[in-house]
Amino acid sequence: MDGNEMKTAGKCPVMHGAITSEARSVMEWWPNALKLEILHQHDSKTNPLAGFDYREAVKGLDVAALKRDLAALMTDSQDWWPADWGHYGGLMIRMAWHAAGSYRAADGRGGGGTGNQRFAPLNSWPDNVSLDKARRLLWPIKRKYGNAVSWADLILLAGTVAYETMGLKTFGFGFGRADIWAPEIDTYWGAEKEWLAPSDERYGDVDKPETMENPLAAVQMGLIYVNPEGVNGKPDPLKTAAQVRETFARMGMNDEETAALTAGGHTVGKTHGNGSAAALGPDPEAAGPEMQGLGWANPNQHGKAANAVTSGLEGAWTTHPTVFDMGFFDMLFGHEWELRKSPAGAWQWEPVAIAEEDKPLDASDPTKRHNPMMTDADMAMKVDPVYRAICEKFMADPAYFNDTFARAWFKLTHRDMGPKARYIGPEVPAEDLIWQDPVPQGPTGYDVAALKAKIAASGLSTAELVATAWDSARTFRQSDYRGGANGARIRLAPQKDWEGNEPARLAKVLAVLEPLAAEAGASLADTIVLAGNLGVETAAAAAGVALELPFSPGRGDATEAMTDAESFAPLEPIHDGFRNWLKKDYVVAPEELLLDRAQLMGLTAPEMVVLLGGLRVIGANHGGSAHGVLTDRVGALTPDFFVNLTDMANTWVKAGEHYEIRDRKSGAVKWTATRLDLVFGSNSILRAYAELYAQDDNAGKVVRDFAAAWTKVMEADRFDLAR
Ligand code: HEM
């Protein structure tokens with residue numbers, strides 16, 4: 001082949017690669033562009049079950065039969081991936097824990113609520129090695145029960161049934177987690193470009209665990225929590241203890257729950273590190289088609305059972321690793337431990353001396369016994385004085401340990417499901433738990449029209465009514481179903497004092513609404529929403545459009561006793577682009593923060609745009625700020641924000657922190673806008689929506705779309721009401 005021929009051969013006439021692989025995304029040229037697709041992930045087009053309501057379907061599931069099948073699976077060892085000691089319990093529990101344990105309280109994202117472990121990146125995380133086998137072991141059961149049980153529910157149930165078959169009395173189980181069908185694109189797992197990059201990249205100072213970048217809750221890219229060998233792989237149980245404390249706190253777990261989970265987790269199963277981890281093949285996402293979705297092919301002999309390599313650590317924690325007992329404590333506190341290397345070269349702790357009969361049996365050959373081992377995180381339970389005291393309490397009272405662990409496991413696996421009313425099935429525990437943010441059912445039989453008339457006569461301004469309702473509803477996050485208007489927690493600490501809620505304005509409005517609610521026999525939560533609706537209707541009327549927003553009563557008012565005030569800290573807004581407010585010291589661009597908030601609120605891109613433009617002209621801006629009002633008719637729900645933003649009679653000039661919108665001819669300043677406002681006219685996608693809403697034929701659409709999006713925000717959190 002001469003040079004010319006080669007050139008021709010290189011120009012393949014069939015287009016390939018660029019549009020069908022991730023290698024060359026069109027947006028790679030503009031890495032800082034807004035990723036608006038986070039608002040449209042899990043589109044109906046990727047969902048092959050269009051119209052299917054999983055939460056209805058799972059009500060027909062034969063839970064007892066499924067649990068029997070799962071229990072049978074635990075001891076039905078398969079040649080292609082034999083069970084350690086003939087019991088898959090340890091593996092299934094680790095799968096469930098890694099599904100649930102990716103949850104972080106800061107933004108409510110992660111967690112086992114969506115079946116995301118089936119997809120990248122989680123299916124291929126270094127910490128999730130061998131969980132591909134665990135899910136594949138479940139496939140015959142998933143196939144049998146089909147749409148009646150989601151992967152998300154099945155994965156967490158498998159871990160729970162595993163515990164039951166090993167002797168734990170569990171606290172219960174709630175079904176209802178619908179599966180996603182495509183990888184999540186809204187969750188930030190860290191900026192590193194390399195798996196297991198040193199921890200330093202996500203900490204201000206790695207010796208100060210609290211300096212870990214938010215919202216992250218794991219010490220390294222691709223890990224669920226901490227490095228089992230120690231901080232950056234250097235064993236030091238006290239340092240690891242500090243990282244365990246911080247990472248578990250970021251999942252909403254206190255010291256007692258953390259100690260219970262670590263001990264109860266490592267009461268069963270084993271670590272796998274018999275051979276070089278470097279020899280493993282590519283992860284499932286990168287592996288060839290012959291691997292059929294499995295990864296980490298292991299060339300060490302047949303690579304399974306005694307030859308398995310997962311974490312690189314090797315050994316069981318307890319004498320009887322298929323039984324839920326007090327063995328973890330007996331082992332950890334009954335022996336002195338020293339550092340050794342596993343066959344794969346990983347640091348682990350092994351007993352200085354141990355009686356032969358206390359050693360666990362080999363996982364495949366009952367004629368052999370091996371040393372048990374502890375990870376650096378296990379040693380932290382003995383060395384850290386607080387964890388140690390908790391473990392001593394557990395040791396003195398095994399029933400207490402059992403109960404504390406069962407509750408912590410329940411919390412771990414249900415935390416991102418939101419209110420208790422979202423749990424489905426025969427094993428839902430009756431007890432209200434404070435981390436579920438309980439809200440009582442509120443009254444429904446009162447005279448809504450009469451209450452609305454009283455609010456109208458109360459003298460509160462349109463902006464006050466709208467801002468209060470908005471602030472009360474905007475904390476809702478679809479990531480873990482926390483926050484929202486239901487419960488009226490805006491009147492309780494800490495919400496009532498959040499800067500973004502304008503405490504003085506809020507107190508004034510609540511002082512008016514509270515007596516009206518009491519008099520009407522309505523909840524304050526309902527009254528706040530009703531007042532907001534009235535504000536929106538008034539603004540629509542001012543623009544010449546008659547509007548009546550739908551309203552269904554029944555929200556309840558939570559009390560202080562029902563509120564874990566501390567756990568609400570992560571819900572505090574650091575920004576609310578809709579109300580044009582940003583905490584001053586915040587460095588991230590406001591448009592990114594707005595996008596993040598809109599995603600958590602469950603809004604689509606057009607809904608985000610019309611809500612922002614509408615709130616700007618209603619004048620519900622933070623502190624009555626004039627910046628970003630962009631209308632001469634404040635208080636009227638007009639398309640003015642969009643019209644004036646896109647009007648070529650204007651110029652846009654940066655003036656200090658803000659921008660001025662000036663008349664092109666006279667140079668007179670007409671309005672001041674924020675950076676965020678101008679982004680709605682400059683970002684090509686947002687501008688397309690802004691132009692649509694500025695069109696002459698769409699003035700009515702602004703009101704209709706605003707009203708629908710508003711109602712969606714006000715109703716988003718109402719899972720516990722009959723509907
Ligand atoms: C404190 C942080 C934790 C660390 C650093 C840690 C680390 C590890 C490591 C390195 C393994 C070995 C994986 C393998 O090689 O197969 C393992 C296994 C396991 N972990 Fe953890 N873990 C932690 C917390 C937990 C929690 C909270 C639970 C559950 C409540 C749990 C449950 C398990 C189970 C059941 C296994 C055994 C898996 C099997 O038998 O195949 N771990 N863990």
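Trainee: What kind of model is it, predicted or experimental?
Mentor: It is a predicted model.

Trainee: Which domains does the assignment give?
Mentor: Domain 1 covers 199-397, domain 2 covers 448-571 and domain 3 covers 575-703.

Trainee: Take domain 2 and domain 3. What separates their centres?
Mentor: The distance is 24 Å, with the centres taken over C-alpha atoms. In contact are 23 residues of domain 2 and 24 residues of domain 3.

Trainee: And what area is buried between domain 2 and domain 3?
Mentor: About 1,800 Å². Carbon and sulfur atoms give 65% of that area.

Trainee: How many salt bridges cross the interface of domain 2 and domain 3?
Mentor: The rule finds three. Elsewhere on the polar side of things, nine residue pairs are in polar contact between domain 2 and domain 3, both residues at pLDDT 80 or more.

Trainee: Which helices supply the side of domain 2 that touches domain 3?
Mentor: Helix H14 (462-473) and helix H16 (524-542) each supply at least two residues. H14 gives the most to that side, with six residues.

Trainee: How does that side of domain 2 split by class?
Mentor: Twelve residues are nonpolar, five are polar and six are charged.

Trainee: Where is His 266 found?
Mentor: In a loop. That loop runs between helix H8 (255-265) and strand S1 (270-271).

Trainee: Back to charges. How many salt bridges does a search of the whole structure find?
Mentor: The search finds 52.

Trainee: Give me one with numbers. What does Lys 144 form a salt bridge with?
Mentor: Asp 69. The closest N and O atoms of Lys 144 and Asp 69 are 2.6 Å apart.

Trainee: Why does that pair tie together parts that are apart in sequence?
Mentor: Because Lys 144 lies in helix H5 (residues 131-145), whereas Asp 69 lies in helix H3 (residues 63-74). The parts tied together are 75 residues apart in sequence.

Trainee: One more pair. What do the side chains of Glu 502 and Arg 579 meet in?
Mentor: A salt bridge, at 2.9 Å from N to O.

Technical notes:
Residues numbered from 1 in each chain as written. Predicted model: local features only at pLDDT ≥ 70, side-chain atom pairs only at ≥ 80, totals over all residues. Heavy atoms only, no water. Domains from an automatic or database assignment. Contact = heavy atoms within 4.5 Å. Buried area = accessible area lost by both parts, 1.4 Å probe. Salt bridge = Lys/Arg side-chain N within 4 Å of Asp/Glu carboxyl O. Polar contact = N/O pair within 3.5 Å; in protein donor to acceptor, adjacent residues only side chain to side chain. Helix = DSSP H or I, 4+ residues; strand = E, 2+ residues; numbered from the N terminus. Nonpolar A, V, L, I, M, F, W, Y, C, P; charged D, E, K, R; others polar.
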